[in-house]
Amino acid sequence: MKNFKTTSLADQVFDKLENDIIHGVYARGEVLTELRLVEELGVSRTPIREALRRLEHEGLIEDSGKGSVVLGITEDDLLDIMNIRQRVEALASYYAALNITEEGRAELAHIVDLQDFYYTKWDVERLRRADDDFHDAICRFSGRTVVKDTLQPLHRKTRRYRRLAMEDHDRATVTMAEHRAIFEAIMAGDADRAAELTDRHIANAKAHMFGG
C-alpha cells in the first residue's frame, strides 16, 4: 500500500479495510489500533483515522477506548441487508426501465454479454465483477440518487457472499438467466416486469445464502 496516491489515500485505506473485514481477514472481536494499521499498511495515521471513522459509521467496527473492535457482518445483518436489497433493488430496476438512455442500453447490453462470455469460460472472478457491474449499472440508470446511495454500500457488504454464489455452477446458471430476463424487461421499458423479476432474483439469492 506504500504506492497509494496521496489524494485518495483515505478512500483506498477505507476500501482495503472494508474489504478485509467483509472477507474475514479481520475476525469479529479483533481489535484494530492505529499503530497496528500504520505498520501493516505502511501509511500515516491521518488516512487510517479517517478510514476507521467511516468504518464505524458503516457499523463494521466500534470504538472500545483501546482500539476499534471488528463487528463485521452477522447473519442477522446479512438477512436485513438482503431484505432491503430485495425491495430497493426492485425499485431501481423499475426506474431504470423508465429512465435508461441509449448509452445506458448499450452499456447494460455489453455487461450482460460479458457475463455470458465469462460464464462460458467459467472465469469466476471476472463473472463476479460483471455481476457487480450489472447491479451497479441498474442503480445508476435508475436516475434516483437515494436508491443508488442506499444500494451501493449494501452491494459491497454482500460481495463475499455473491462471490460464493458465483462459484456454485448451478446458482451461477440461474443467476445468468435471471439477469438476462431483467435486462430484457428494462430494454423493453416494462417497469413493472423489471421490478417483479428483480424482486424474485434477490429473493432467490437470499434463499441460496441461507440454504433455503
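The points below comment on a predicted model of a single chain.

1. Basis of the comments. Because the model is predicted, local features need a pLDDT of at least 70 and side-chain atom pairs count only at pLDDT 80 or more, while totals for chains, interfaces and linings use all residues. Residues are numbered from 1 along each chain as its sequence is written, and side-chain values use heavy atoms, with hydrogens and water left out.

2. Confidence. The chain has an average pLDDT of 91, with 96% of the residues scoring at least 70; pLDDT is the predictor's confidence in each residue, on a scale from 0 to 100. Confidence is highest in helix H5 (residues 102–121), at a mean of 97, and lowest in helix H8 (residues 159–167), at 78. Helices (H or I, at least four residues) and strands (E, at least two) are DSSP runs numbered from the N terminus.

3. The sheet. Three strands make up an open sheet in the order E1-E3-E2, with antiparallel pairing, where two strands pair if DSSP finds at least two bridges between them. Strand E1 (31–32) and strand E2 (61–63) stand at the edges, and each has a single partner strand, so one side of each is left without a neighbour in the sheet. Between E1 and strand E3 (residues 68–70) the antiparallel pairing runs over two bridges, and valine 31 has valine 69 in E3 as its bridge partner. Helix H3 (residues 45–57) lies across E2 and E3, running at about 110 degrees to E2; axes are lines fitted to C-alpha atoms, for helices over the stretch in contact, and angles run from 0 to 180 degrees between N-to-C directions.

4. Helices H6 and H7. The axes of helix H6 (residues 124–142) and helix H7 (residues 145–157) come within 9 Å and cross at roughly 170 degrees. The two helices H6 and H7 are therefore roughly antiparallel to each other, a label given to angles over 145 degrees, with those under 35 counted as roughly parallel, 65 to 115 as roughly perpendicular and the rest as oblique. In contact (heavy atoms within 4.5 Å), His135, Asp136, Cys139, Arg140 and Ser142 of H6 meet Val147, Lys148, Leu151, Gln152 and His155 of H7. By class, this contact of H6 with H7 has three nonpolar, four polar and three charged residues, where Ala, Val, Leu, Ile, Met, Phe, Trp, Tyr, Cys and Pro count as nonpolar, Asp, Glu, Lys and Arg as charged, and the others, Gly among them, as polar.

5. Helices H8 and H9. H8 packs with helix H9 (residues 169–187) at an angle of about 100 degrees, their axes being 5 Å apart, and H8 and H9 are therefore roughly perpendicular to each other. Ala165, Met166 and Glu167 of H8 make the contact with His169, Arg171, Ala172, Thr175 and Met176 of H9, and by class the contact of H8 with H9 has four nonpolar, two polar and two charged residues.

6. Individual residues. Tryptophan 122, in the loop between H5 and H6, has a phi near 50 degrees, a positive value in a residue other than glycine. Most residues other than glycine have a negative phi. At 30% relative accessibility, tryptophan 122 counts as partly exposed, the class between buried (under 20% relative accessible area) and exposed (over 50%), for a 1.4 Å probe and protein chains only. Lysine 16, in helix H1 (residues 9–22), is also partly exposed, at 34%, and its C-alpha is 9.4 Å from that of alanine 51, 35 residues apart in sequence.
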